[in-house]
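Here's a quick briefing to read alongside the structure. Have the sequence handy as you go.

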Amino acid sequence: MNRSRYSYRADSSVPAFDDSNPLYIFDGYCVLCSSGVQWMLGHDPNGKTRFTSVQSPLARAIYMHYGLDPDDFDTFLLLKDGVVYDRWRGWLETARTMPAPWSWLGVAGYIVPGFIGDAVYHIIQKNRFNWFGKRETCLAPDAAMKARFL
């Protein structure tokens, strides 16, 4: 995965978008993922983080840019300051976009070695539909949330 800062800007297959704020890309059919987004919106209603589902054209292009298959979702992505974060590190960086005390989890989580955090993330990701369920339709933001979605 090319993790160079803002590498997607040079990729003509990725539509131009405002990347001045963090962008959280999630699986819109996953109940756990969608619930996480709704939780973030509820606990940080005035936050800067924006959201899009991997099912959107922009997110699909970003996934393909990073060599990921958007049809075989195996990690969410966070784009923050032009850098991509995924799996355990993505979760930590996403937590850091939230107000305190939630952001503290993103800092404290660095005591867990990355390979352990990634292993736990992988187990949850592989079992998320069995454990939490799958939506029939992709999460659609209501009017109040719409401004935070791309």
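Where is the place of Asp81? Asp81 sits in the loop between β3 (77-80) and β4; helices (H or I, at least four residues) and strands (E, at least two) are DSSP runs, numbered from the N terminus. Before going further, keep in mind that this is a predicted model, where local features need pLDDT of at least 70, side-chain atom pairs count only at pLDDT 80 or more, and totals for chains, interfaces and linings use all residues. Residues are numbered from 1 along each chain as its sequence is written, and side-chain values use heavy atoms, with hydrogens and water left out.

**Two aspartates**

- Asp81 is partly exposed, at a relative accessible area of 46% (buried is under 20% relative accessible area, exposed is over 50%, and partly exposed is in between, with a 1.4 Å probe and protein chains only).
- Setting aside neighbours within four places in sequence, Asp81 is in contact (heavy atoms within 4.5 Å) with Arg5 and Tyr6.
- Between Asp81 and Ile124 there are 27 Å in space, C-alpha to C-alpha, and 43 residues in sequence.
- Asp86 belongs to strand β4 (residues 83-86), and it counts as buried at 7% relative accessibility.
- The Asp86 side chain makes a polar contact with the side chain of Arg3, at 3.0 Å. A polar contact is a pair of N or O atoms within 3.5 Å; within protein, one must be able to donate a hydrogen and the other to accept it, and residues adjacent in sequence count only if both atoms are side-chain atoms.

**Cysteines**

- Cys30 is buried, with 0% relative accessible area, and Cys33 is buried too, at 13%.
- The disulfide count is zero, going by a pair of cysteine sulfur atoms within 2.5 Å.

**Aromatic rings**

- There are twelve aromatic pairs: rings of Phe, Tyr and Trp (its six-membered ring) pair if their centres lie within 6.5 Å, and planes under 30 degrees apart count as stacked, over 60 as edge-to-face and the rest as tilted.
- Tyr8 and Phe17 make a stacked pair, 5.5 Å centre to centre with 25° between the planes, and both residues are buried.
- One aromatic cluster is made up of Tyr24, Phe26, Phe51, Phe76, Tyr121 and Phe149.

**Charges over rings**

- Arg9 puts its charged end over the ring of Tyr6, 3.8 Å from the centre; the rule is NZ of Lys or CZ of Arg within 6 Å of the ring centre and within 35 degrees of the ring normal.
- Lys134 lies over the face of Phe129, 5.0 Å from the ring centre.
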